[in-house]
Amino acid sequence: MLPPKRKRGFSMDDCIFCKIIKGDIPSINIYEDEHVFAFMDINPLSEGHALVIPKIHAENLWEIPVAALSAVHAASQKIVHAMKKAMGPVSVAAIQLNGRGVNQVVMHYHLHLIPRASGGETLKLTTWEMIPGDMEAINHTGAAIAAAIENDNDQKERK
Ligand code: AMP
Ligand code: ZN
């Protein structure tokens, strides 16, 4: 499947995270390297909530080049080590939303790192109820995804 097309009229100048990278709007920065920028979320779900983003503008997991994706995730490992050092024992939820249908609000790829300090409040987004699914439907959809991966001729072009 091809990635979703960028909306007509969208410019990177409109992107709040591109503006943060350029320093055009303020942010509380915690990490930067050649490919990656990381800063504190201003609507934190918990103490320490941070965002890790690629320096290039890519909207989501469909669009982001593999090198940028790898760099973001490598940086996230440095940051979660630092969170442990800076905040004491923590657990960390690493989550990432793709598309308005799952409530992505800022359309520049970002990985949320959301720590829970030991003894801190439970993170609601990590406590969903485990309800056994319909195994026939799970099998069917799993097979469809596996077949799509097998037949994915675009894979070679994604770098
Ligand atoms: P989402 O697109 O739903 O994954 O989340 C976007 C996140 O970006 C939210 O958690 C916001 O609080 C955060 N956010 C939006 N604007 C800023 C900003 N200027 N500085 C820091 N965080 C921001
Ligand atoms: Zn951007």
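**Exercise 1. Contacts of Leu-111**

List the residues in contact with Leu-111, leaving aside its neighbours within four places in sequence, and state whether Leu-111 is buried or exposed.

Solution.
1. Leu-111 is in contact with Val-52, Val-72, Ser-76, Ala-94 and Gln-96 once neighbours within four places in sequence are left aside; contact means that the C-beta atoms of two residues, placed from the backbone, lie within 7 Å.
2. The model is predicted: local features need pLDDT of at least 70 and side-chain atom pairs count only at pLDDT 80 or more, while totals for chains, interfaces and linings use all residues. Residues are numbered from 1 along each chain as its sequence is written, and chains are lettered from A and ligands numbered from 1 in the order in which they are written.
3. Leu-111 lies in strand S5; strands (E, at least two residues) and helices (H or I, at least four) are DSSP runs, numbered from the N terminus.
4. Leu-111 counts as buried because it has 21 C-beta neighbours inside 10 Å. The cut-offs, with C-beta atoms placed from the backbone, are 20 or more other C-beta atoms within 10 Å for buried, 12 or fewer for exposed, and partly exposed in between.
5. As a distance check, Leu-111 and Ile-42 are 69 residues apart in sequence, with 14 Å between their C-alpha atoms.

**Exercise 2. Overall layout**

Give the order of the elements, the extent of the C-alpha trace and the share of buried residues in the protein chain.

Solution.
1. The protein chain has three helices and five strands, in the order α-β-β-β-α-β-β-α from the N terminus on.
2. Its C-alpha trace spans about 45 × 40 × 25 Å along the principal axes.
3. Of the 159 residues, 20% are buried.
4. Among contacts between residues at least 6 apart in sequence, 58% join residues at least 24 apart.

**Exercise 3. The largest nonpolar core**

Find which members of the largest nonpolar core touch the most other members, and which elements supply at least two of its residues.

Solution.
1. A nonpolar core is a set of buried Ala, Val, Leu, Ile, Met, Phe, Trp, Tyr and Cys residues joined through C-beta atoms within 7 Å.
2. The largest one has 22 residues, and Ala-38 and Val-52 touch the most other members.
3. At least two residues of this core come from each of helix H1 (16-22), strand S2 (36-40), strand S3 (50-54), helix H2 (66-87), strand S4 (90-95) and strand S5 (111-117).
4. H2 gives the largest share, five residues.
5. Neighbours within four places in sequence left aside, the contacts of Val-52 are Val-36, Ala-38, Val-72, Ala-75, Ser-76, Ile-79, His-110, Leu-111 and Leu-113.
6. For context, nonpolar side chains in soluble globular proteins tend to be buried together.

**Exercise 4. Helices H2 and H3**

Compare each helix with its expected span, and determine where the buried residues of H2 lie.

Solution.
1. The expected span is 1.5 Å times one less than the number of residues.
2. H2 has 22 residues and reaches 31 Å from its first C-alpha to its last, close to the expected 32 Å.
3. The buried residues of H2 are Ala-71, Val-72, Ala-75, Ser-76, Ile-79 and Met-83.
4. They line one face of the helix, because they fall within an arc of 145° seen down the axis of H2; the arc is that of the directions from the helix axis to the C-beta atoms.
5. The buried residues of H2 pack against strand S1 (29-32), S2, S3, S4 and S5, and the face turned away from them carries the exposed residues Val-66, Ala-67, Gln-77, His-81 and Lys-85.
6. After H2 comes Gly-88, with a positive phi near 80°.
7. For H3 (residues 135-150), 16 residues should span 22 Å, and the end C-alpha atoms are 22 Å apart, which agrees. The count of buried residues in H3 is zero.

**Exercise 5. The shell of ligand 1 and Asn-103**

Name the residues around ligand 1, classify them, and describe the backbone of Asn-103.

Solution.
1. The shell consists of Ile-16, Ser-27, Asp-41, Ile-42, Asn-43, Leu-51, Leu-97, Asn-103, Gln-104, Val-105 and Val-106; a residue is near a molecule if its C-beta atom, placed from the backbone, lies within 6 Å of it.
2. Six are nonpolar, four polar and one charged. Ala, Val, Leu, Ile, Met, Phe, Trp, Tyr, Cys and Pro count as nonpolar, Asp, Glu, Lys and Arg as charged, and the others, Gly among them, as polar.
3. Asn-103 is in the loop between S4 and S5 and is exposed, with 7 other C-beta atoms within 10 Å.
4. The phi of Asn-103 is positive, near 75°. Most residues other than glycine have a negative phi.
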